[in-house]
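Colleague: I'd like to learn how to read a few features of this fold. Could you walk me through them?

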Amino acid sequence: MALGGREHDAGLDAADLAARVLAAVPASDARAVAGALMPTIEVGSTEMPDVLAFLRDAPGLEFKLFVDATAIDREAAQGLLEVVYVLRSIVNFGWRIVVKTAVDAAEPSMPTSAAVHAGANWAEREIYDMFGVTFDGHPDLRRILMYPEFVGHPLRKTYPYQKRQPLTPERDPLSNPWPKRN
Amino acid sequence: MSTDESRKNLAMAADPLSEIMELQMGPSHPACHGTVKFDLRLDGENIISMDTTLGYLHRGFEKMCEQGTWTQVIPYTDRLNYASPQINNFIFCEAVERLCGIEAPERASYIRVILSECSRLADHLTCLGMSVTELGAISAGFYMNEARELFYNLNAHVTGARVTVSYGRVGGLARDVPDDFDQVVRAAIKRTEEVLRDCEKLLERNRIFADRMAGIGILTKEEALGFGLTGPLLRATGVSYDVRKAAPYMVYDRFDFEVPVGTKGDNFDRFAVRFEEMKQSIRIIDQALKQMPRGRITVDDPRFVLPDKKDVYSNIEGLMNHFKIIIEGVRVPAGEIYFSGEGANGELGFYVVSDGSGRPYRIRVRPPCWYGMAALEDMVRGHMVSDLTAIFGLVNMIGGECDR
């Protein structure tokens, strides 16, 4: 029976990966997540950019394809937001790895990885927009899907799905322009 | 200041080439299919920088997915990509099946493959048809539209709906295909092959077309990987990555097909890769039709699949299972997984999180064109406004998928 991990991840061992990450970035406190359906490692939030850079450049691993980044709201149970990065290796594109971290739900913030993978720029903007995680050092942290007047972060579980927000008046491009990239 | 001098100053100020012009293109622009706004800074006709504004089609897809049962997500996935709704359907179902630890029966997997490849053909025909139309090759655009229509009609024949198909189910399919499925699909791909031959003649050695495409919008391998580009955009740069080969799902490991790659990573390569992929899709469909076995189309497991209607009306187990699945939803074991398949635009992924109840805890879609849009600025910089249309066309941004 084919389960989550599947045979494509063969040759990729999360415990082994976590040990390599820990040796390269000792402050990251990297550990494999037991019982995960795919290779998953958990690291400290402040070391995320270093970990992603190590995984990108480490010979034999070369996780160079940035696949995705997203967040999961665990505020009710643990008071945390999980931020998740998914990568693929160019050594074997079947290898995918999930790098996870947790940030405090009350004041979520962590350093940006936009300098490591260009794709993280927009993915982190979306996480900021939808979950309110501030990425320190991000080159362009604006809302991306919602409009600037929108209040709150809609994918947080505390945001009611039926909530309506007032219509914004038509935007006058001269007196009230769209926020520009800095 | 003499009159001559002030006149000269006036002429200087009025010269549009001497200053940077800011131009807002969109959100609804006839040359850009999809609602997206580009704030361009132009030096003459050349683009110095571009800022993209998305979100005009944001419907709160991920939030709405958390409100219903797992099965109720399937109709939402149809509305992600109107050109290839089947692929979205099936990849979502596969992701949930991975969490449940079940696998769709062989026949269902074959039908999924055939309809996915038909969707890929329709999607590529849409993308290329629109792009070449925007470059003025309207005949080729109309030919491709004709072929695309065949696949929408096929959708209607099999599922009853042209676009919003909702045909996948966790553990299989909604119903079996009609008896004449084989003939209808073969007729559609036969006509498509003829159309492709015509379009090839119209475009491949067309000087105007080649000049507009070659050397435009180049990205290197490293840039493409860092941006998270997948699908035709990545393969055009020479990286042979196709989820169907790298991590085969459904029954893709049973077919003989090739992954076309480009060399330069420019627009022409993107066009050629998509064009060649259509021929490979036809190969896959042909093999799958020959191999397709008879049998069940859903797993034999009442926890995940609705019972037959005759059981619902005639015995208590059937009625109970029906109620459980409709009211409480399919109980997906707690866990999380990132599962992806090859969508027409690239890697379409679902990060699904279940807390063990009948409702999804979190569903994240990885829309392939999102990362194409992120890389768009790097592709258009230095090119002319008219090239933006061509590059944007081949990124194939689908508003429903990008903005969700």
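Colleague: Which residue takes a positive phi in the hairpin of E7(B) and E8(B)?

Modeller: Keep in mind that this is a predicted model. In that hairpin, 5 residues sit between the strands, and B:Gly356 is the one with a positive phi, near 95°.

Colleague: And how do E7(B) and E8(B) run, and how many bridges join them?

Modeller: Strand E7 (residues 346–354) of chain B runs antiparallel to E8(B), with 6 bridges joining the two. For a specific pairing, look at B:Gly349, whose bridge partner in E8(B) is B:Arg366.

Colleague: Is strand E8 of chain B mostly covered or mostly exposed?

Modeller: As a general idea, side chains in a regular strand alternate between the two faces of the sheet. Here, E8 (residues 360–366) of chain B is mostly covered, with 6 of its 7 residues buried.

Colleague: Now the core. Which residues have the most contacts inside the largest nonpolar core?

Modeller: Nonpolar side chains tend to be buried together in soluble globular proteins. In this model the largest nonpolar core has 175 residues, and A:Val51, A:Leu87, A:Val133, B:Val96 and B:Ile391 have the most contacts inside it. Helix H5 (residues 106–134) of chain B gives the largest share of this core, 13 residues.

Colleague: What do the buried residues of H16(B) pack against?

Modeller: Helix H16 (residues 385–395) of chain B has 9 of its 11 residues buried, B:Ile391 and B:Phe392 among them. Those buried residues pack against several elements of chain B, including strand E3 (46–53), H5 and helix H12 (267–291). Just after H16(B), B:Asn396 takes a positive phi of about 55°.

Technical notes: Residues are numbered from 1 along each chain as its sequence is written. Chains are lettered from A and ligands numbered from 1 in the order in which they are written. This is a predicted model: local features need pLDDT of at least 70, side-chain atom pairs count only at pLDDT 80 or more; totals for chains, interfaces and linings use all residues. A residue is buried if 20 or more other C-beta atoms lie within 10 Å of its own, exposed if 12 or fewer, and partly exposed in between; C-beta atoms are placed from the backbone. Helices (H or I, at least four residues) and strands (E, at least two) are DSSP runs, numbered from the N terminus. Two strands pair if DSSP finds at least two bridges between them. A nonpolar core is a set of buried Ala, Val, Leu, Ile, Met, Phe, Trp, Tyr and Cys residues joined through C-beta atoms within 7 Å. Two residues are in contact if their C-beta atoms, placed from the backbone, lie within 7 Å.
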